Amino acid sequence: MTTELADGLPPVALMPHLFLMLSLVMVCCHAAGRLCRRLGQPPVMGEILTGVALGPSLLAAVWPSGQRWLFPADLLPVMDALAQLGLVVFMFLVGLELNVGQVRRSGRVAVMVSNVSVLVPMAGGALLAAVMYGRFAGPGVGFPAFALFLALAMSITAFPVLARILTDRKMAGTTVGGLALTCAAVDDVTAWCLLALATALAGHTSLTAALTTLVMTALFVAVMLYGVRPLLARLAARHAERPAGGATPPLLVLLTGALLSSFATDWIGIHAIFGAFLFGTVVPRGAPQVAAAADQVRGVTVVLLLPLFFAYSGMHTDFRLIGAEPALWGWCALIVAVATVTKWAGSTGAARAAGFGWRNSLSLGALMNCRGLTELVVLGIGLQMGIITPTVFAMLVVMTLVTTGLTAPALNLIDRLAARRRTPVIREPHSAPPVQQRETVAG
C-alpha cells in the first residue's frame, strides 16, 4: 500500500528507487569523468556524455523498458527539482570563485579580448539565426529572442571547465592562462546579463513588459552591489570577532542568501540562476569562515546534485531528432563551424592586435572556444522556456561537445608546432653555420 506525500509528489514506496537512481547517476558520472581525465579531457565531458547516454539517444533506444524502469516518470519531477537546486547552488559557487579584483585589474588587453570574443561570435550567431528562424524557432517565439539566444550560445566560454583545464595543464599561473581566466570571467558576466535579456524578451509579449523586467533587474543588481555586499562584509567582520557559537553560521547565511536571490530573480522574470550567481559575486572574499562554508556546499553539489542536472539534461537530448537526414546534420555542422571559427578567430585576432605572439594568441583562442557546463546550462534554459526546439537543442549539444572536446587536443597541437619551431636544425658539415637555431615563436 502506498501513500501520497502530497499533491504532485511520488509515493513513499518510490523513495528507495530514488536512492537507487541517485547512486547510479553519481557512480556513472564519476567513472566517466575519471575516464575522460585519463584521455586528456576535462571530467565534465564524461558527465555530459553520461547524461546523454542515459537518455533517449542511447539507453532508451537500445533498452527502452530498462530506461523507463531506471528513471520512472513519477520520479522525474523530483529529479528535476534536485537538479535545479544543484544548478542554483553551483552557479552561486561560480560567482563566489569569480576573481572580481582580477577582472578590475585586467586592463586594456583583457577588456579588448573579452569584448571581441563575445561580439564576433554573437554577430555570427545573429546571422545564423536569420537563416534558421523560419524552420527552427520554437512556437510563438519572436525573432529578437531567438536571435539573441542563438548569438549568446555562440559566444559562451565555460569559466569552470576552463579553470579546470588550466589547472590540469599547469597554465593557471602563466600569462595566457591568467588572461584566459579573466576574459572567461568577463564573458560569464556578459553571458548571464544577455541571458537575462533573452529570457525577458521570451517571457513577455510586449516591449513594455520586457523593459519593466530589465529595469527591475537593474534595480536588483544595484541592491546587491550597494546594499547586500556591504551588509555581508559587516557580518563577516562580526563573525571573525565573536566566538563560533555566538554568531550566525556562515553556511546558513550563504545558502539562504543564494536561494532568496534566486527567488527574487525568478519573480522578476529572469532565471533563478542569475540571482544565485550575482549573490556569489558580492560575498566577501578572503574570510576563512566563508571559504570553509563554501567547501561544505561544494562537496554535496559537485558529487550529488550537479550530476543530476547532467542526467536530466541528457534525457532531453535526443540525437535521433537529427536522425539520418543529411540536411539536419548539415545545419548541425554549420552551427559547429560558426561557433568554433568566430570564437577562436575573434579571440586570436584580438590577442594579436594587443601584441601577443601567435602561440599565445592561438592558445587563447582555443581556450576561449571551450564551452562545457556553462553552455549546457544556457541551452537547458532555452529549451525549458521554449525559445529553441528539442531538435535545435540536440544540435547545440553536439556543438558543446565538439568545442569542449577540441580544447585539449588543440592546445597539444599548438605546443607541438611551437616546439618544432624551436628545435635546432642540424646542417651538413659543409654548410655554414653548422648548427642554426630556428626562430622562436613569440609568446
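This is a predicted model: local features need pLDDT of at least 70, side-chain atom pairs count only at pLDDT 80 or more; totals for chains, interfaces and linings use all residues.
In helix 15, Lys343, Trp344, Ser347, Thr348, Ala351 and Arg352 meet Trp358, Ser361, Leu362, Leu364, Gly365, Ala366 and Met368 of helix 16. Sorted by type, the residues of this contact come to seven nonpolar, four polar and two charged.

Now the geometry. Two packed helices are described by the angle between their axes and the distance between the axes. Here, helix 15 covers residues 326-353 and helix 16 covers residues 358-368. Their axes come within 8 Å and cross at roughly 145°. The crossing of helix 15 and helix 16 is right-handed.

Next, helix 16 by itself. How many of the eleven residues of helix 16 are buried? Eight are, so helix 16 is largely enclosed by the rest of the structure. The buried ones are Asn360, Ser361, Ser363, Leu364, Gly365, Ala366, Leu367 and Met368.

One more residue, Phe310. Where is Phe310 placed? It is in helix 14, residues 288-314. Phe310 has 2% relative accessibility, and because buried means under 20%, Phe310 counts as buried.

What does Phe310 touch, leaving aside its neighbours within four places in sequence? Phe310 is in contact with Val44, Glu47, Ile48, Gly51, Leu373 and Leu376. Take Val44 from that list: Phe310 and Val44 are 266 residues apart in sequence, yet their C-alpha atoms are 9.4 Å apart in space.

How values were computed. Residues are numbered from 1 along each chain as its sequence is written. Side-chain values use heavy atoms; hydrogens and water are left out. Axes are lines fitted to C-alpha atoms, for helices over the stretch in contact, and angles run from 0 to 180 degrees between N-to-C directions. Helices (H or I, at least four residues) and strands (E, at least two) are DSSP runs, numbered from the N terminus. A crossing is left-handed if the near helix is turned anticlockwise from the far one by less than a right angle, and right-handed if clockwise. Contact means heavy atoms within 4.5 Å. Ala, Val, Leu, Ile, Met, Phe, Trp, Tyr, Cys and Pro count as nonpolar, Asp, Glu, Lys and Arg as charged, and the others, Gly among them, as polar. Buried means under 20% relative accessible area, exposed over 50%, partly exposed in between (1.4 Å probe, protein chains only).
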